[in-house]
Amino acid sequence: MTAPARTPVPAVRMTGIVKRFGAVLANRDAGIEVAQGEIHALVGENGAGKSTLMKILSGMQPADAGRVEVGGRDVTGWTTAQAIAAGVGMVHQHFMLVPTLTVAENVVLGREPVSVGTFDRARAVRDVEELSKQSGLVVHPERLVADLSVGEAQRVEILKTLYRGARILLLDEPTAVLSPPEVAELWGVLRRVRVAGTTIVLITHKLDEVMNVTERITVMRHGETVARMATSETTPEGIARAMVGRDVRLGGGAPASAGAAAAKPAGEGLAVHNLMVRGARVEKAVNDISFSIAPGEILGIAGVEGNGQTELLEAMAGLRPVTAGSIAIGGRDVTGASVRARGDAGLSHIPEDRHNRGLILEYSVADNLILGLQHRYVKGASLDRAAIEANAAKQIAEFDIRPANPSLAVRALSGGNQQKVVIARELSRDFAALIAAQPTRGVDVGAIEFIHDALRRARDAGKAILLVSAELREVLDLSDRVAVMYGGRLVVTLPRSGANEDVLGPYMTGARREVA
Amino acid sequence: MRRTAFAESVLPPIVALGIILVAGDLLILAYGEAPGAVWRTLAEGTWGNAYGIGQVLYKATTLTCTGLAVAIGLRAGLFNIGAESQLAAGGFGAALVGMALPASTPWIFAVAGCVAAAAIAGAGAGAVPGVLRAKFGAHEVIVTIMMNFIVLALLNYIVAARLHVPETLHTPTIQAGALPRLSSAFAAFHGSAANWSLLIVLAIVAGAWWYLFRTRAGFELRAVGLQPGAAEYGGVDLPRTLVRALTVSGALAGLGGINFVLGYKGYYEDGFAGGAGFLGIAVALVGRNHPVGVLVAALFFATLSQGGLAINAMVPKQMVEVLQGVVILAVAASVPEVRRTVRQAAGRRIGKTDPTPPGNAGAATTPGSVG
Amino acid sequence: MRRILILLGVLLAAHVALSLAHPGGAVAKPGADGVNVGIVFDLGGRGDKSFNDGAYDGAERAERELGAHVRFVEPGEGSDREAGLRLLAAEGMNLVIGVGFIFTDDLTQLAGEYPNVAFAGVDYAVAVDPAGNAIQPPKNLAALKFREEQGSFLVGALAALVGNSRKVGFIGGMDSPLIHKFEAGYAAGVKAVCPDCQVIAQYAGVTPEAFRNPGRGKELALSQYQQGVNVIYHASGSTGLGVFEAARTMNKLAIGVDADQYNEAPGYVLTSMVKRVDNAVFDVIARVKEHRFTGGIYEFGLAEDGVGYVYDEHNKAMIPDSVRARIEQLKAEIIAGRIKVPSAR
């Protein structure tokens, strides 16, 4: 609290906010104070109440109790229209753009410049160009939004908000979908916008971002504001401690266990050869990929999402047909095998989308812990409930799934504990090879540590592991070898020792490629 | 947690009942009758004496089967609108076997044969849309509706052209497989159509519960209905499960046919289904796709139906039909689960479609998250 | 949660208040004096402006002229037919009438169970023994039969004479022997006056639903009119409402059935083949009232004024006197037995 406010009147002050959704208390005595013209981080684990607090600020939801002030004015209970008029703009995680309109049209949508009663397209383009130059958000105003990359689409979102005259910009997890160079660019833009007098609140759970660009930090836990600090006076460990409420070991530990590497058994754990896979929209979503992972090795695939990772993973798991090429587990060809046959052949799979694939949210923890193994829990004509319960008790204890109630619907668990259910199931089955996709996505800091340890243990136990993650840090922390996927190809494969963010960045954006 | 469970499971039906009562009051008043007297007559004509109870039980027996049929379909994410024709097919199958077997067939075999025939005939009518769905992605709602026309027209043709007793719309009486009426054991039920097929149907309810919640097939069927993507991930064969779900659904609807054919009239009569298949949709929704809920909902709708007859001299039967609609609306509006079911059945298509969500459908979309 | 409880309280309070209301015109229990009659309609139900309404009219007339108390029941599904009859029989009605051949089995059974109640079945299907002889219904059950083919014959002749086209139309409800009887008589009537005329006959469907489908009726009628038909005779319950709608749209003529359906489309209804269900119902009520009811088969043909065609001030203008004379002549010949009208295709 030592950071001095630059002006006596803060840009935003929220105090004693309470918000209830049914039985869930999303905010209780939450608050935030943001000074004029600063970049402020709002951090907390998933479900800590960050988004709710910002939705209240932007007028999307009313608070049940508490006070909201903007620029010293009491605006408690205002509407989105009032918030926009007062210059509060929110950039959502999910873009709200019309893909069939141009950049300029999207930006001015709802506030179209008009001359003689008709839409003045030329002026819209001029305005957007001007704004684009001022803010450093470079996008060609006449391109179709459908043709933009994710990073560009996000720039359009920010432009749109600025065009509406936002003086207070709320950004919800803006880097979730960006490649490292795009992230760097975004920071540049935010700093420029800030210089022009705009206040920025950054909702995030990535601590390196917080350390990099923000000046002050508000930490939330379980719906409550638990800490406010100046970035310069704290460390990532300090922030993590505040978020989780206990000490957390951050980052790698030993990058690749030297011992394991030395004792690496020979042979093929998991391999694909010249794999071609058709995507929903792209003919060659996976374009001639080959790799081989030895038992006791982790191959990490980095890359911006949407470059064929999903198709690769689904093809390997048996969820998507292969156009050409082969897949082998422990030297055994499984290219045409069913999901179940692959599982029986020793494949374990942590899917990238646990809500649509990995879990049946209405099912109990116990039932989810046997999903994919239900054929092994049959007694006579019915399911062996006793064995299912016994398995659940064991996994819950071993993987510290909370609450420790096997009959609770998985929907009621936090994101981290949901992922623990998936991890528990996939790591406790009898397997030789593991596909781990986005294993820590949407998982809080404490659980990340746990999951990373579990993956390392599996590796040390001689499993061949394919790790695919959008988090470059994670890939670097866990992998023995690192590959980058771009445009359906593995554009580079490096030993861990030769990989770092600077080396990999250009490959991730497609700026560099070499035949892998 | 407990408060929520109470508010979600017990209160909505009570509120729905309250809405029905008030809506009924207003309708009765609009018709110039006294609500108190009409409700009293309704109660007396249904649960007020053994005959009324018997009639309610008879109607509930068929509705339970069609309700279960729709419920099993919805559990798998499939909307079976074909229960009406599956019911008719089941009744016809039972009648055919009952007519073909010699009168000397031992009773237990005759009944088993007729019941099996009902299930098989219904299953056949249900399997067709299942296969079309699994193989070609044909929408089961459309196919089951078309099957209603085809099956009912076919049965009508067979009965009218080949099998009917002159000047009637029904087949000859079955020689074997008839189930005695309740009145044969309890004289008080005299005249009511209730018969021992209701015991068979109670066993079917228990069986449906066991199938859904205790077998691997049920585990996989519900998984497909809730999250087809996750079921596929879990090694479930989607096409096969879809076919199986609609086949089982058809068999359940077909089993409803034994109530009329084996237990009541002893013959198949054209049009005997009389909307019980369609009402099964309402029964399943109100019963929240749970076998026990379906049983309770079937009793409720049967009470409304029989009660409507009892008060028919006072108010037109359309009042009861309006009330049925009110029940469905009230329940649909008040039970989140039903809303979800309806949305799923209407919106989520599985099978031949590409299950990949576009772009970044990751953790960012955590449904329950409020962070 | 609290809001739900408040809603519940409001609902209950409203219900209690409304339940206490007792408007003036509420139905009284049937009286002990006079004759008490119960009528169960067919599934098509009251308001078909045709067959069931004919029974209703007869009963109403009996209420007016004979002081009868009549209660009506509309079944909701198949098993309600028996339940409705039983409800009325158990309430001590003197006479219970089932409207429609589908009541045959239920009436036969209940007549056995309630020997002191008189039963009557409109269109009751008389069973035949293997030798082809009619099996008489029970002693307390009257089978009310109509010779629809005779009435249909007359309107067929009328359609051919007035229609001014070589094509005449027929639209049936459910494709079944009962309706084939109408078609057969109608076609015979057409041929009697116009041997080379063509009868276009279509049915709305093959299930009982075909009697309750005005949309289908309209569709069929429009296509027939477009083929050059000028007059369509329908025997299709409320499906016929669609036929009238089509006649109005196309400015053509239709012939009603069972009851006088002139009011469905004034100016477009040439006539109606009336099946005097009202007369039959009134007649059987009168017999019970006058203690001269006996079971058996009652046939209502042209001679008994049980079927006929409408000729009154509404449609006089559409039917030239010469045509009228010809029809009356045909009627006399049928009554005299010189013309045998077929009752099957």
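Residues are numbered from 1 along each chain as written, while chains are lettered from A and ligands numbered from 1 in the order of writing. In this predicted model local features need pLDDT of at least 70 and side-chain atom pairs count only at pLDDT 80 or more, whereas totals for chains, interfaces and linings use all residues.

Me: What makes strand 11 and strand 12 of chain A a pair?
Reply: Two strands pair if DSSP finds at least two bridges between them, and strand 11 (residues 216-221) and strand 12 of chain A have six bridges in the antiparallel sense. Strands here are DSSP runs (E, at least two residues), and helices are runs of H or I of at least four residues, both numbered from the N terminus. Met220(A) stands opposite Thr225(A) in strand 12 of chain A.

Me: Why is the sheet in the order 6-9-10-3-11-12 of chain A called open?
Reply: Strand 6 (88-91) and strand 12 (224-230) of chain A are edge strands with a single partner strand each, so one side of each has no neighbour in the sheet. The six strands pair in a mixed way.

Me: How many residues of chain B and of chain C does the contact take?
Reply: Residues are in contact if their C-beta atoms, placed from the backbone, lie within 7 Å, and the contact takes 49 residues from chain B and 40 residues from chain C. Helix 2 of chain B gives the most to the side of chain B that touches chain C, with ten residues.

Terms used:
Contact = placed C-beta atoms within 7 Å.
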